[in-house]
Amino acid sequence: MNEDFRNRVFTPVLLPVGVIGGIALFAFSLSRVMLAIPKTAATVVALLIAAYVLGVAAVVGRKPEVPGRALGIAVGVGLVAVVGAGAVAMAMGPREITPPTLPEEDAEVVTDDEEADVDDDVAIPDDAIEFVAIDNFYTEAPETVPAGEVTFAIINEGLAVHNVVIEELGDLNVVEADGGEVDVGDVTLEAGETYTYYCDIPGHRETMEGTFEVEG
Ligand SMILES: [Cu+2]
C-alpha cells in the first residue's frame, strides 16, 4: 500500500469506517440468524460465536507471533460466514415467535365484569317468587305477589352477597345469598298491601330497592 495513501486516507478514514460498518453488518446479520433459527439452535450459535470471538482475541493477544494477514483472514472468514448466514436467514424470514402463554385462569376465579355461575344446591320451588341479583341491582323482581305465606327465592348472579329485606316487616331478611348462590325463604304477606324490599348490605340499597303489591 502506498505510504501516503495509508497515512492520509486508509488509517484515518477507511479503517474506522470499515470496522464500524463491519460490526454493524455483523450485528445485523447475526440478529437475522438468531430470529430465523429455533431457540435452542440460537443458543448454540451464540455460544459458538462467543467461542470464536474469544479465539480471535486469544490470537490477537499473541499477535507478535501471528502475522496480521492471518488475523485479517480469520476475522474476514468469520464475518463473511455470519453475513452469509444472515442473508440466508433473511430469505427464510423469522421463525414463528409465540408469546409466552399465561397460565390458564382458574375456572373458579371470576373477574368483576363476569357473572358467577349460580350453583343450584338450593332447590327453588316452582311457585317461588324470584329475585335475581347482580352487583348491585335486582335484574328480576316481582311487581305483584300473592297474599298469605309465599316462598321467596334469591338467585345471586353477582359476586357480592345480596339479600331481600322487607321494610314493613321490621326489616325482615327473607333471603340472602353469597355470590353465585341461591337462597329460599318463606314470608307472610297481607292482601292489598304494598311492601318495600331492598338489599341491606351496606351501600346496596341505593340501587337495590323496589316495591311490590300483594294481590287482594
Ligand atoms: Cu346487595
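**View 1. Helix H1 and what covers it.** Helix H1 is hardly covered, with 3 buried residues among its 34, where helices are DSSP runs of H or I of at least four residues, strands are runs of E of at least two, and both are numbered from the N terminus. A residue is called buried if 20 or more other C-beta atoms, placed from the backbone, lie within 10 Å of its own, exposed if 12 or fewer do, and partly exposed in between. The model shown is predicted, and local features need pLDDT of at least 70, side-chain atom pairs count only at pLDDT 80 or more, and totals for chains, interfaces and linings use all residues. Residues are numbered from 1 along each chain as its sequence is written. The buried residues of H1 are Ser29, Arg32 and Val33, and what covers them includes H2 and helix H3 (68-92). H1 spans residues 3-36 and bends by about 60° at phenylalanine 10, with proline 12 following within four residues; the bend is the angle between axes fitted to the seven residues ending at a residue and the seven starting there.

View 2. Helix H2 (residues 39-61) reaches 33 Å from its first C-alpha to its last, close to the 33 Å expected for its 23 residues, the expected span being 1.5 Å times one less than the number of residues. The count of buried residues in H2 is 0. The axes of H2 and H3 come within 11 Å and cross at roughly 170°, which makes H2 roughly antiparallel to H3. Axes here are lines fitted to C-alpha atoms, for helices over the stretch in contact, with angles from 0 to 180 degrees between N-to-C directions; angles under 35 degrees count as roughly parallel, over 145 as roughly antiparallel, 65 to 115 as roughly perpendicular and the rest as oblique. Tyr52, Val56, Val59 and Val60 of H2 make the contact with Leu71, Ala74, Val75 and Gly78 of H3, two residues being in contact if their C-beta atoms, placed from the backbone, lie within 7 Å.

**View 3. The hairpin of strands S1 and S2.** Strand S1 (residues 129-134) and strand S2 (residues 137-140) run antiparallel and are joined by 3 bridges, and they form a hairpin with 2 residues between them. Two strands are said to pair if DSSP finds at least two bridges between them. Alanine 133 stands opposite tyrosine 138 in S2.

View 4. An open sheet of 5 strands has the order S3-S9-S8-S5-S6, with mixed pairing; its edge strands, S3 (144-145) and S6 (172-177), each pair on one side only. Within the sheet, strand S8 (residues 194-198) and strand S9 (residues 209-214) run antiparallel and are joined by 5 bridges, and tyrosine 198 has glutamate 209 of S9 as its bridge partner. Aspartate 171 lies in the loop between strand S5 (162-166) and S6, and its phi is near 50°, a positive value in a residue other than glycine. Most residues other than glycine have a negative phi, and most peptide bonds are trans. Aspartate 171 counts as exposed because it has 11 C-beta neighbours inside 10 Å.
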